[in-house]
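This report covers charge–ring contacts, aromatic pairs, the sheet and the nonpolar cores. The model comes next.

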Amino acid sequence: MVPVLERATADSDALFDDTDAGIFDEARILIQDTLRSIQSGSGIPRTFPPHALREFSRFGRSLQDGEFIEFDSGSPSAAIYSQPVRRLIHEQARLERFEIETLTSGQVVSVNAEKGTFDFRLTGGKSVPGRFSSDDIVADLRQYLDRSTMAPTVAVNVVAIQSIGGETIEIQDILSIEPVLPAEWSERLVKLQALEKGWLDGVGKEVSRKLLREVESLLLEFLDVQVERPYIYPTEEGGVQLEWPFTRGEVTVIVLPGDKVDAYAFSKEDSQEFAKQFHWRQLEEITDFVTWGITQYAD
């Protein structure tokens, strides 16, 4: 979809005249000249007022990858504005903070409703401070709040402050929040985390939080490619087994301590078994194996 924005010209009998409308054309031309100059490698022209750079840099923060704004499309003065161009403006103006609307994931580890603040642990482990402007978001934040590393992973649409290199420094506002995994998947992982040593008739090791995070990463990868929900079981050795049973065969993935993942695809028709071992970070390869196995045996 390509929306078009044009400045309307006032009629002669309009309530307000457009005597000063020329200033908008002058500003537009200045902005377009600046964008073309930046894209050509000539930098920010001296004619652009320095005090306006910080304000202008906020423009376009909601642009997504592949989206852009084109001024005077099809004309010799046409200019493109996109997130890469925004970053060039920040770099050349030596603005260290880059404001952007983005989707990120992580865990809510604290909430202060009175101050309108929260702390968010990004996927990868780094914690950043955050603020929110709407009281309506408090209930959602508290719903997913957990100070432990087993807090549910959530996806948040935020206004974030990033470094020029793309690293999130803080969250200025939170626009929406929702769980990444379906509730029943997350609840199952929480139950496994609660297992104590000896849970299986006096034997059975605890499932570590680190290993459960690895399992969650796998489940997120499966969810992205629409792999159906597996049965999720603890193993005696402190691992987690994921199963997809079918009439003609079954697929099994066992996440083990020590960053190992054993994957099996077994045919019930001819007893043929395919087995592979992965490092748990080989998420795409594991997902490909599971997808292939399900394709072979799904009813």
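## Charges over a ring

R86 lies over the face of F98, 4.5 Å from the ring centre. The charged end of R87 also sits over the ring of F98, at 4.1 Å from its centre. A charge sits over a ring when NZ of Lys or CZ of Arg is within 6 Å of the ring centre and within 35 degrees of the ring normal.

The model is predicted: local features need pLDDT of at least 70, side-chain atom pairs count only at pLDDT 80 or more, and totals for chains, interfaces and linings use all residues. Residues are numbered from 1 along each chain as its sequence is written, and side-chain values use heavy atoms, with hydrogens and water left out.

## Aromatic pairs

The count is eight aromatic pairs. Rings of Phe, Tyr and Trp (its six-membered ring) pair if their centres lie within 6.5 Å; planes under 30 degrees apart are stacked, over 60 edge-to-face, the rest tilted. F59 and Y81 are stacked, with centres 5.1 Å apart and planes at 15°. F59 lies in the loop between α2 (53-57) and β1 (69-71), and Y81 in strand β2 (residues 79-81), so the pair ties together parts 22 residues apart in sequence. Helices (H or I, at least four residues) and strands (E, at least two) are DSSP runs, numbered from the N terminus.

F59 is partly exposed at 36% relative accessibility. Y81 is buried at 0%. Buried means under 20% relative accessible area, exposed over 50%, partly exposed in between (1.4 Å probe, protein chains only). Ring pairs also link F274, F278, F289 and W292 into a cluster.

## The sheet

Five strands form an open antiparallel sheet, in the order β8-β9-β10-β11-β12. Strands pair if DSSP finds at least two bridges between them. β8 (231-234) and β12 (273-279) each have a single partner strand, so one side of each is left without a neighbour in the sheet. β10 and β11 pair over eight bridges. L256 stands opposite K260 in β11.

## Nonpolar cores

A nonpolar core is a set of buried Ala, Val, Leu, Ile, Met, Phe, Trp, Tyr and Cys residues joined through side-chain atoms within 4.5 Å. The largest has 31 residues; L219, F222, V240, L242, W244, V253 and V290 touch the most other members. Elements giving two or more residues to this core include α6 (209-224), β9 (240-245) and α7 (283-297). Apart from it lies another core, of 17 residues, among them V108, L122, V128 and I171.
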